[in-house]
Amino acid sequence: MAEMGSKGVTAGKIASNVQKKLTRAQEKVLQKLGKADETKDEQFEQCVQNFNKQLTEGTRLQKDLRTYLASVKAMHEASKKLSECLQEVYEPEWPGRDEANKIAENNDLLWMDYHQKLVDQALLTMDTYLGQFPDIKSRIAKRGRKLVDYDSARHHYESLQTAKKKDEAKIAKAEEELIKAQKVFEEMNVDLQEELPSLWNSRVGFYVNTFQSIAGLEENFHKEMSKLNQNLNDVLVSLEKQHGSNTFTVKAQPSDNVPEKGNKSPSPPPDGSPAATPEIRVNHEPEPAASGASPGATIPKSPSQSSLPAVVVETFSATVNGAVEGSSGAGRLDLPPGFMFKVQAQHDYTATDTDELQLKAGDVVLVIPFQNPEEQDEGWLMGVKESDWNDHKELEKCRGVFPENFTERVQ
């Protein structure tokens, strides 16, 4: 019997809820059609608009804060990997190894502490702040339903009062339902009228505290990290002092990493052969006087001659004295003007600019001076391939620059 009674109560409650939904739906339709007036509260509606805006802003802040924390965690992992790499390459006999390891440990702890404090002082506070919105949002929706019930009860009572045939019993019952609906609505309305403005005003203090916490934590983190970085720098300076004579020089790779025009530097040959830098000797002794020159004439020295590449100095000296030193082709008509010496390509070289020569291993190049010595970059020569010169005899079209260390001097 108790079970049946329980089922009866449940069924009655369901039927009552269904009836309420139908009544509310009918009331909303009448209000939209303008056949029933609707109770309005502009002040409360403004509070609801503020509430929705506050919820949207808070949700976005929570999302961005979680993204920030994910980035901090990613940076922690990257920093940890970098520190582990340093520990692996730092050889046991090098000075400061223990200090470097300790710095790496402190670095890891500092990242962990920073992330955890952000969670405790910012994210959890953010979650607590947003945790109050779902309940209030539910109560706002419930207040809206109770307002519809109140309007419906009011309209029903008014219709019975204005009916031609008045039924006092029905009017009394309708009045009783109206009073009840009004009481329920007003209780919820009063509470929300107080809570919503208070919640809206609380956002200022919350934003201030949240961003102050984040800023303070980040400031302290960077201060401590700066100290660790300075300590690591000191360790590395000590290592450099002990091994300063073994400084590693970074060299460009051939072909793929040829410098841009106007800032060329020589590329090492593919196999690292000693053909990289043919020796070029500069003769500082006075040359014999050329025909028509006074005996004992000496080579005039340019103020910037000492800073020019060896090839340019040699060319300059030879030109002043009417001959090119060490050049067996001086004065020969079958060689380009100013010819100095020959080189042979030991490796293929792919030109990366229009002013460069494309070389294949075995190509012979006739080296000539730069028209403007200031345009010569260290490690680069000017020349024309012997085959091109023999075929065309056109210096302007055939000449170009090439990396000296891809060739070997043959004459």
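This is a predicted model: local features need pLDDT of at least 70, side-chain atom pairs count only at pLDDT 80 or more; totals for chains, interfaces and linings use all residues.
**Entry 1**

Strand 1 (residues 341-345) pairs with strand 2 (residues 364-368) over four bridges, in the antiparallel sense. K342 stands opposite L366 of strand 2.

**Entry 1: K342 again**

I followed the side chain of K342. It meets E386 in a salt bridge, 2.7 Å from N to O. E386 belongs to helix 7 (residues 386-392) and K342 to strand 1, so I noted a link across 44 residues of chain. K342 is buried at 15% relative accessible area. E386 is partly exposed at 21%.

**Entry 2: aromatic pairs**

I counted 10 aromatic pairs. I picked F51 and F133: the pair is tilted, with 5.3 Å centre to centre and 35° between the planes. F51 lies in helix 2 (residues 42-89) and F133 in helix 4 (residues 133-161), so the pair ties together parts 82 residues apart in sequence. Buried or exposed? I checked F51 and F133. F51 is buried at 2% relative accessibility, and F133 is buried at 1%.

F133 also pairs with Y129. Their ring centres are 5.5 Å apart and the planes stand at 70°, so I logged the pair as edge-to-face. Y129 is buried as well. Ring pairs join F51, Y129, F133, F206 and Y207 into a cluster.

**Entry 3: charges over rings**

I looked for charged ends above ring faces. R143 has its charged end over the ring of F44, 3.5 Å from the centre. R409 lies over the face of F341, at 4.1 Å from the ring centre.

**Entry 4: salt bridges**

The structure holds 13 salt bridges. I looked up E195 with R139, where N and O are 2.5 Å apart. E195 is in helix 5 (residues 168-242) and R139 in helix 4, 56 residues apart. E195 is partly exposed, at 30% relative accessible area. D135 joins R139 and E195 in a network of salt bridges.

I also checked a bridge within one helix. R154 and E158 have their closest N and O atoms 3.6 Å apart. Both lie in helix 4, four residues apart, about one turn. R154 is buried at 13%, whereas E158 is partly exposed at 36%.

Conventions: Residues are numbered from 1 along each chain as its sequence is written. Side-chain values use heavy atoms; hydrogens and water are left out. Two strands pair if DSSP finds at least two bridges between them. Helices (H or I, at least four residues) and strands (E, at least two) are DSSP runs, numbered from the N terminus. Rings of Phe, Tyr and Trp (its six-membered ring) pair if their centres lie within 6.5 Å; planes under 30 degrees apart count as stacked, over 60 as edge-to-face and the rest as tilted. Buried means under 20% relative accessible area, exposed over 50%, partly exposed in between (1.4 Å probe, protein chains only). A charge sits over a ring if NZ of Lys or CZ of Arg is within 6 Å of the ring centre and within 35 degrees of the ring normal. A salt bridge is a side-chain nitrogen of Lys or Arg within 4 Å of a carboxyl oxygen of Asp or Glu.
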